[in-house]
Each structure stands twice: as C-alpha cells, then as structure tokens.
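Reader: I'd like to learn how to read salt bridges in a structure. Could you walk me through some?

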Amino acid sequence: MKTSVNIIIINTFSLILFLVIFLEVLNSGTLVQFDLFINMAIPQIRNSFFTSLSILIDVIFDLVSMIVISILLSVFLLRRYCKKFALFFSMTILLDAIVLLVLKEIIMRARPLNGIISKTDFSFPSGHTADAVVFFGFLTYLIMHKSESRAIKGVTISISSFMILLIGFSRIYLNVHWLTDVIGGFALGLFILTGSILLKEYTGKLSCNPKNSDNSLDST
C-alpha cells in the first residue's frame with residue numbers, strides 16, 4: 001500500500017510539473033527566457049569527448065533505435081521470463097511514443113538554431129528524455145520486483161538515474177533541445193511510467209515466475 005501511495009504522489013507531481021512547463025512554453029514565460037541563457041552558455045563548456053559521447057547517445061536513443069531495443073527486450077521477457085511484464089512494457093513504450101508524437105505536432109515548438117547536429121522535427125517535449133525515463137524506469141521497476149538482492153537494486157537505481165540525467169543533459173549540450181524541453185520530457189516520461197504502473201497495480205499484481213530456475217535476477 002505504501003508503495004502505491006508513493007507512486008501516486010510521484011505521478012501527481014510529474015503531471016503538475018509537466019503542466020507548469022507546458023504553460024510556460026505556450027506563454028513564453030520566465031523559464032523560456034532562462035532557456036536562452038542556458039542555450040548560449042553551453043558552447044562554453046564543450047569538449048571533444050563529451051561531444052562525441054552526446055552524438056552517440058543521440059543515435060542509440062533515437063526513436064527508431066529505442067523501438068528496436070524495446071522489441072528485443074519484449075521478446076526476451078516473453079520467451080524467457082514473464083509474458084505479463086512483456087505486455088506491460090510494450091504497451092507503456094507504445095503509449096510513450098504516441099503521446100510524444102501528438103504533443104510535438106500540437107505544440108510545434110522550434111528547436112534551437114545552433115544545434116551541433118541537424119534535427120527536423122519539433123522540439124517540445126524531448127523524446128530522448130521521455131524515452132529514457134520510461135525505458136530505464138521500467139527496468140528499475142522490474143528489478144525491484146523480481147530481485148531480492150539489495151546490491152542489485154542499488155546498482156540498478158544508480159545506473160538508471162545516471163543514464164536518465166546523462167541523456168537529458170546531452171540534449172541540452174548538443175543544443176538540439178531547450179532546457180524546458182528536457183524538463184518537460186522528464187515529467188512526461190515519469191507520468192506515463194508511473195501511470196502505467198498504477199494501472200497495472202490496480203488491475204492486479206504481476207504474479208509470474210521465470211520459466212527456468214536459472215533465470216533469476218539475483219546473483220545468489
């Protein structure tokens with residue numbers, strides 16, 4: 001029960017945060033003015049290593065790449081671990097992609113003009129950031145439910161959090177997104193992820209076991 005309450009709080013907070021950013025973008029509020037400051041400051045901290053890393057992140061976590069990775073993970077869960085988790089993950093990723101595409105077409109926010117790489121679609125919200133939250137958030141949720149090892153849980157949370165922050169920052173670093181795009185993408189991804197988890201919890205616990213005993217997520 002406590003876990004569900006915490007998820008509800010996070011879900012509500014993420015929705016409020018997204019709506020605040022959404023209104024700021026539509027009304028060109030104070031945060032949008034801060035976008036310009038960050039956009040102009042980023043080139044001052046660039047270096048060749050992180051530029052190459054950010055471009056690599058852009059390719060790996062592109063929409064097409066994420067769809068392929070998600071399909072592979074879904075197939076793995078379907079064949080070797082848990083059909084219900086595979087379905088849950090697939091539906092969440094699909095919902096995330098649809099919502100992102102719809103919002104981008106509705107808001108039609110232009111990207112920064114000084115991006116290192118060329119992007120032709122609209123800017124708000126950041127799809128890479130939202131995808132990262134949903135993808136790594138799902139993996140964390142899976143590990144937290146199927147592993148009894150505190151070490152594995154701790155490492156999973158740390159790596160997932162780091163990757164989400166790294167991917168989000170890389171979008172600003174490349175000047176292909178505004179700061180508010182990334183914050184909006186984070187809030188949207190978190191809202192979709194926690195909303196899907198709440199729906200799953202409401203409709204029934206995922207009570208499935210690995211097909212083979214050696215498929216356990218624990219190292220012991």
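Predicted model: local features only at pLDDT ≥ 70, side-chain atom pairs only at ≥ 80, totals over all residues.

Reader: Is Arg111 buried or exposed? And what about Asp121?

Author: The cut-off for buried is under 20% relative accessible area. Arg111 has 12%, so Arg111 counts as buried, while Asp121 is partly exposed at 38%.

Reader: How many salt bridges are there by this rule?

Author: The count comes to 5. Another one of them pairs Arg171 with Asp58, with the closest N and O atoms 2.8 Å apart. Arg171 belongs to helix H7 (residues 150–173) and Asp58 to helix H3 (residues 48–60), so the contact ties together parts 113 residues apart in sequence. Arg171 is buried, at 0% relative accessible area, and Asp58 is buried too, at 8%.

Reader: Which residue does Asp181 meet in a salt bridge?

Author: That's Arg109, at 2.7 Å from N to O. This pair links distant parts of the chain, 72 residues apart: Asp181 is in helix H8 (residues 179–203), and Arg109 is in the loop between helix H5 (83–107) and helix H6 (127–146). Asp181 is buried at 0% relative accessibility, and Arg109 is buried at 11%.

Reader: Which residues do shared partners join into one network?

Author: Asp35, Arg109 and Asp181.

Methods
Residues numbered from 1 in each chain as written. Heavy atoms only, no water. Salt bridge = Lys/Arg side-chain N within 4 Å of Asp/Glu carboxyl O. Helix = DSSP H or I, 4+ residues; strand = E, 2+ residues; numbered from the N terminus. Buried < 20%, exposed > 50% of the residue type's maximum accessible area, 1.4 Å probe, protein only.
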